[in-house]
Amino acid sequence: QVQLVESGGGLVQAGGSLRLSCAASGRTFTNYAMGWFRQAPGKGREFVAAIRWVDSAAYYSDSVEGRFTISTDNAQNTVNLQMNSLKPEDTAVYYCAADRLQWVLGTVATDDRDYDYWGQGTQVTVSS
C-alpha cells in the first residue's frame, strides 16, 4: 500500500527557509503526480505545488511561485519542497499527496479531490 511520510517542518522567522521532504513507498511512482498542499487554521486545504514524477514538470500556486521549489529524488523516492523567503501567511500544516495519472504525461491536478493518497502532514510556522 502507498505510504507518504512528511518531515522537515518547524518554526522559522520571516524571510527564512525550510525544506520539506515526503518519503513515498509502496509502489513505483513513475505514472504519478506528487503534490504539496497546505491548510491554515480555519481555512480550507490549498494547493501549493505539484510535480509529475516521470519528467519533473512542476506547477506552483501564484502565492509561492518564485519562492518555493518542488523536486523529486528518484534514488531516495522522495518529493522535496524547498521553501525560501517564508512569510507569516505561509504558516500551515503541509501535506504531501499522490495522484495516479491515467497516463505518464497526464495533466497534473491542482485540486485536492484528484489526489488518491495523503501523508499525515507537518506543521510549518513562520513568525513575524
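**Exercise 1.** Is asparagine 77 buried, partly exposed or exposed, and why?

*Solution.* Start with the ground rules. This is a predicted model, where local features need pLDDT of at least 70 and side-chain atom pairs count only at pLDDT 80 or more, while totals for chains, interfaces and linings use all residues. Residues are numbered from 1 along each chain as its sequence is written, and side-chain values use heavy atoms, leaving out hydrogens and water.

Next, get the cut-offs: buried is under 20% relative accessible area, exposed is over 50%, and partly exposed is in between, using a 1.4 Å probe and protein chains only. Asparagine 77 has 23% relative accessibility, so it counts as partly exposed.

**Exercise 2.** Where is asparagine 77 found, and what is its phi?

*Solution.* Look in the loop between strand S7 (68–73) and strand S8 (78–83). Strands here are DSSP runs of E with at least two residues, numbered from the N terminus. Now check the backbone: asparagine 77 isn't a glycine, yet its phi is positive, about 55 degrees. For background, most residues other than glycine have a negative phi.

You'll find serine 85 in the loop between S8 and strand S9 (92–100). Its relative accessible area is 41%, so serine 85 is partly exposed.

**Exercise 3.** Trace the network of salt bridges that links Arg38, Glu46, Arg67 and Asp90.

*Solution.* First, the term: a salt bridge needs a side-chain nitrogen of Lys or Arg within 4 Å of a carboxyl oxygen of Asp or Glu. The structure holds six of them.

Step one: glutamate 46 pairs with arginine 38 at 2.9 Å, N to O. Glutamate 46 is partly exposed because its relative accessible area is 33%, whereas arginine 38, at 5%, is buried.

Step two: arginine 38 also bridges to aspartate 90, with the closest N and O atoms 2.9 Å apart. This pair ties together distant parts of the chain, 52 residues apart: arginine 38 sits in strand S4 (residues 32–39), and aspartate 90 in the loop between S8 and S9.

Step three: aspartate 90 forms a salt bridge with arginine 67, and here the closest N and O atoms are 2.8 Å apart. Again, distant parts of the chain are linked, 23 residues apart, with arginine 67 in the loop between strand S6 (58–60) and S7.

**Exercise 4.** What is the volume of the largest pocket, and which residues line it?

*Solution.* A pocket is an open set of points on a 1 Å grid over the protein atoms alone, where a 1.4 Å probe fits, with protein on both sides within 12 Å along at least five of seven lines; lining residues have an atom within 4 Å of a point. The volume, meaning the space filled by probe spheres set on the points, is about 150 Å³ for the largest pocket.

Now go around the lining: Arg38, Ala40, Lys43, Gly44, Glu46, Ser63, Arg67, Pro88, Glu89, Asp90 and Thr91. Sort them by class and you get two nonpolar, three polar and six charged residues. Ala and Pro count as nonpolar, Asp, Glu, Lys and Arg as charged, and Gly is among the polar ones.

Technical notes:
Helix = DSSP H or I, 4+ residues; strand = E, 2+ residues; numbered from the N terminus.
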